[in-house]
Amino acid sequence: MVQPMPQQSATATPALVVDNLRKTYGNGVEALKGVSLTVQPGDFFALLGPNGAGKSTLIGILSSLVNSTSGDARVFGVSVNKQRNDAMRLIGLVPQEINFNQFEKPFDICVNEAGFYGIPRKIAAQRAEKYLKELRLWDKAQHQARMLSGGMKRRLMIARAMMNEPKLLILDEPTAGVDIEIRRSMWQFVSGINAAGTTVILTTHYLEEAEQLCRNIAIIDHGTIVENTTMKRLLATLDVEAFILDVVAAPASLPTLPGVTLRRVDDYTLEAEMSREHDLNSLFATLSAHGVTVKSMRNKTNRLEELFVRLVENGRDKAA
Amino acid sequence: MSNATANLVALHTLVRREIMRILRIWTQTLIPPAITMTLYFVIFGKLIGSRIGSIEGGFSYMQYIVPGLVMMSIITNSYGNISSSFFGAKFSRAVEEMLVSPMPNWVILLGYVTGAVTRGLVVGVLVLLIALFFTSLHVVHPVITFFSVLLGATIFSLAGFVNAVYAKKFDDIALVPTFVLTPLTYLGGVFYSVNMLGEPWQAISRANPILYMVNAFRFGVLGISDVNIGVAFVVMLAFVAGLSFVALQLLGRGVGLRS
């Protein structure tokens, strides 16, 4: 699903430069401890981290909903601190929480949002129709927003964020609580937007989404960036993988194979943990020699999830 | 597109949205003040007023209280409109739609104040029309009448905005009208002339900003006032300037809005 990165000139201004951003809330909680990162134009960038890691604070600062304690961020070279209004023209935000007036109609919500960006009503109405249709909400455009389902409300927030046709679209857990079909249609839409040149920053707890969609990734924990690299490079660091094997009949005593740990889960399921250097052929050959027929296999956990947990746990061990 | 044009579009959008809100819930925004003021006219103006006779300047009691009641409805409705609308936006987080946009703070403030002043003026006209069923009125100074209404509505729109910025729950936006606005309105010369009071009550009454609004409006409509009309306008303009400054400071610092 990952699209190739659009061609950028070597001197292209980064879509986002976060420079030593710090945030300490009034209650003393230090949410960001000097975060720095760069997102290239056209990128589909994953910003991951456990709850309370600082993702939403960082997004809040980028969208000017949170005042930073120190540091700055530049959106396509425009300072969020010094040129707030100009920077905001470049950003579209899909927040984590529903934040529109539920008594208004989706069409009005979108048109009004465009108006706040100074977009004339006629153009705003055309864009509202375009994006509500693309997000399959047009038939609900004149209903009160409170009548929409949870998935529809999330799609409405994407349509609203597109009204100023931003160069940088920030999605803060946009698929939380959304069923798989709607989630896929949302990603199809956002992938299309990204392919057309819009830079996308995504935070999500569905790590398979990030793995499929994003080219680059930063993992934040306890207010610091613990990893910032390409998705491919990060996944390549995974040295051990675990597979679930569905078998016709799991034997009581399992064969041994150097470098592979085999475990019997139940009468029809085995679990194999092996290093990435180890090939699967020898595993299948050994199982076959012992009369075990493998019907299907899958990763025990998502690869990115595995890495994510490891990075976050390593960070905590170091902190301890 | 220039910033000025963009700001104008944003302002138009916000004012339009506020007016649509007033019209959408007209049974809550326009009808209750009309009913309340009709009751005031019937009870205080007609039933009790007929026994009072002429109060000042040869006007009947009904004629005397009409400007005060009109101004009272304008003040309470401007205040109520902005405090409930802006706090509602805060409560539902819809305010974030504006906070993440490039709209400057002064546009947000002006948009909300214009919406609230509009409701105040519409209610004022409604109440004035109802008053005409009970008494005859002829406006002596139309320009003074208009500006006193405009400034009165603006002052209480700004005050309502400040209240909504600080409010953390719906109770907080009901406290000020109950414990501050209503007493000040009743003691602001709506139903009587402060000249009827002895000292020190007369001097204390002159510290009440609503006294100047009610009397400026009464001067515009009837040509009589308890206070110097020039002083009344200076006081009102000072309140507009002071409250605008406070509201913009609060928006700039993001008090109650940005973390």
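Mentor: Happy to! In this predicted model, 23 residues of chain B are in contact with 26 residues of chain A; two residues are in contact if their C-beta atoms, placed from the backbone, lie within 7 Å. Residues are numbered from 1 along each chain as its sequence is written, and chains are lettered from A, and ligands numbered from 1, in the order in which they are written. As this is a predicted model, local features need pLDDT of at least 70 and side-chain atom pairs count only at pLDDT 80 or more, while totals for chains, interfaces and linings use all residues.

On the side of chain B that touches chain A, the elements giving two or more residues are α1 (3–24) and α5 (95–99) of chain B. Helices (H or I, at least four residues) and strands (E, at least two) are DSSP runs, numbered from the N terminus. The most comes from α1(B), with seven residues. Sorted by class, this side of chain B has 11 nonpolar, seven polar and five charged residues. Here Ala, Val, Leu, Ile, Met, Phe, Trp, Tyr, Cys and Pro count as nonpolar, Asp, Glu, Lys and Arg as charged, and the others, Gly among them, as polar.

Now look across to chain A and find helix α3 (residues 106–116). In α3(A), 11 of the 11 residues are buried, so this helix is largely enclosed by the rest of the structure. A residue is buried if 20 or more other C-beta atoms lie within 10 Å of its own, exposed if 12 or fewer, and partly exposed in between, with C-beta atoms placed from the backbone. Among the buried residues of α3(A) are A:F107, A:D108, A:E113 and A:F116. What covers them? The cover includes α4 (121–134) and α5 (150–161) of chain A, together with α1 and α5 of chain B. After α3(A) comes A:G118, whose phi is positive, near 80°.

Strand β3 (residues 44–48) of chain A is mostly covered, with five of its five residues buried. Two strands pair if DSSP finds at least two bridges between them. Four bridges join β3(A) to strand β9 (residues 216–221) of chain A, again parallel, and A:L48 has A:I219 as its bridge partner in β9(A).

Elsewhere in chain A, an open sheet of four strands has the order β2-β1-β4-β5, with antiparallel pairing. At its edges stand β2 (30–39) and β5 (78–79), each with a single partner strand, so one side of each is left without a neighbour in the sheet. Within this sheet, five bridges join β1 (residues 16–24) to β4 (residues 70–75), which run antiparallel, and A:L16 has A:V75 as its bridge partner in β4(A).

To place these parts in the whole, chain A has 10 helices and 14 strands. Buried residues make up 40% of its 320 residues, and its C-alpha trace spans about 75 × 45 × 45 Å along its principal axes.
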